[in-house]
Amino acid sequence: MYRLYGITCVLVGGLAAASGTALAHPTGAAQVCTLGAAAVGQSAAVLCKDARTGAPTQQLVVGTLVAAAGGTGGTLSRHGDDVLVTNLAGGAVLLEEVGGRLVHPVRLQTGGEDSLSGAIGERGAYVVTATRVLFFPHGRTAATSAARLLVGDGSAAQIALAGGHAYVSEKTGSLEAFALRGDGSLGAAAPVAGIPAGTIVGITGADDLIVSPVAHLATNANQATVPVASGTTKVQQVETKEVAACWAASDDGEVCITNPGSMTVSCGRVGPGGFTSYTGTAASPAGESVFDLDLRRGTVGILGVHDGARVLMVYARAEDDSDFLSPLGELPVGAAVATGALILPPLR
């Protein structure tokens, strides 16, 4: 089994099965999901719960878990009605969301390599392994295009799509842009210029921009910064006093970033040139760590650790024109190990 490269944004050990109850009742009756397992190397299932009550809504076994939270981003990704599950041994799984339910699982073949992160675009699905990016057009289970990572040392963390590029973060300090051809296939890769040296984990695309928090600067492991790039050039850099800016997600012009070192969530609005607003402490979750997150229609779901247990934290934007988040609930995952976050519509 592939062993994750020894750099993580946050190290958390000895986690037990989650417990607790929902703390509040968000509107919209969304589902919040994660990928759970008894342990790394064990069978993993997508676990979804009602965001209002915490009641389980669905559970779908998808494969064998490769890595726990803290090492990769984009375990669960979506585009339209498609949901891609990665962080699986020897492949990835593509699902269809129908009426809030995940159905029609299709196994994507990665040539025996473990998937670490995934993203879905208009043309198909993109899967990152330890050494390559693979492109699967809609309706195909075998990759029709592949490209080598620029570093390829096993530290690949996340892939995200923006502005005609597939971007990949490698935690040893590389952010690389793969130009996409008209059919979605992978073109040449180039490093993104101007990104400060340091550890990059989670990244997210927002229209033609890529937001790639540097969790730990090479010059100061306790300092983070948030560069924004377009194409292969940095266009903005947001200085932050938060610690360990590790994972990011976006939806409809809003970007949020989890900062496990300071136990905060930062959020802002983006426009053509980068962030037009940015609030470093949009929320201050209770607990020991925060990991991957997802945004959907004003609802924010975050995978975290509270009292030693895996939980899904649910937030909502305080107001339409505000970066601040209001806490809505905390749901027990019910699995000893979990990774990724996904918000789905309610079951119909």
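Colleague: Is the disulfide of cysteine 33 and cysteine 48 right-handed or left-handed, and what is the torsion about its S-S bond?

Modeller: Let us begin with the general idea. A disulfide is a covalent bond between the sulfur atoms of two cysteines. Please bear in mind that the model before us is predicted. Here the torsion about the S-S bond of cysteine 33 and cysteine 48 is about 110 degrees, so the disulfide is right-handed. Cysteine 33 belongs to strand β1 (residues 31–37) and cysteine 48 to strand β2 (residues 43–50), so the bond ties together parts that are 15 residues apart in sequence. The S to S distance between cysteine 33 and cysteine 48 is 2.1 Å.

Colleague: Are cysteine 33 and cysteine 48 buried or exposed?

Modeller: Cysteine 33 has a relative accessible area of 0% and is buried. Cysteine 48 is buried too, with a value of 2%.

Colleague: How many disulfides does the count give?

Modeller: The count comes to two disulfides. The link of cysteine 256 and cysteine 267 is right-handed, with 105 degrees about the S-S bond.

Colleague: How should I read a salt bridge, and how many are found in the whole structure?

Modeller: Side chains of opposite charge can pair when their charged atoms come close. A search of the whole structure finds four salt bridges. One of them links glutamate 254 with arginine 317, whose closest N and O atoms are 3.6 Å apart. Glutamate 254 lies in strand β23 (residues 254–259) and arginine 317 in strand β28 (residues 309–317), so the pair ties together parts that are 63 residues apart in sequence. Glutamate 254 is buried at 5% relative accessibility. Arginine 317 also counts as buried, because its relative accessible area of 19% is under the cut-off of 20%.

Colleague: Which residue forms a salt bridge with aspartate 294?

Modeller: The partner of aspartate 294 is arginine 78, at 3.1 Å from N to O. This pair links distant parts of the chain: aspartate 294 is in strand β26 (residues 289–296) and arginine 78 in strand β4 (residues 76–79), 216 residues apart. Aspartate 294 is buried, with a relative accessible area of 9%, whereas arginine 78 is partly exposed at 24%.

Colleague: What is the N to O distance in the salt bridge of arginine 52 and aspartate 50?

Modeller: The distance from N to O between arginine 52 and aspartate 50 is 3.9 Å. Arginine 52 is partly exposed, with a relative accessible area of 36%. Aspartate 50, at 14%, is buried.

Colleague: Let us turn to strands. How many bridges join strand β14 to strand β15?

Modeller: In a regular strand the side chains alternate between the two faces of the sheet. In this model, four bridges join strand β14 (residues 174–180) to strand β15 (residues 186–191), and the two run antiparallel. For example, alanine 177 has alanine 190 in β15 as its bridge partner.

Colleague: Which residue in the turn between β14 and β15 has a positive phi?

Modeller: That residue is glycine 184, with a phi of about 95 degrees. The two strands form a hairpin with five residues between them.

Conventions
Residues are numbered from 1 along each chain as its sequence is written. This is a predicted model: local features need pLDDT of at least 70, side-chain atom pairs count only at pLDDT 80 or more; totals for chains, interfaces and linings use all residues. Side-chain values use heavy atoms; hydrogens and water are left out. A salt bridge is a side-chain nitrogen of Lys or Arg within 4 Å of a carboxyl oxygen of Asp or Glu. Buried means under 20% relative accessible area, exposed over 50%, partly exposed in between (1.4 Å probe, protein chains only). A disulfide is a pair of cysteine sulfur atoms within 2.5 Å. Two strands pair if DSSP finds at least two bridges between them.
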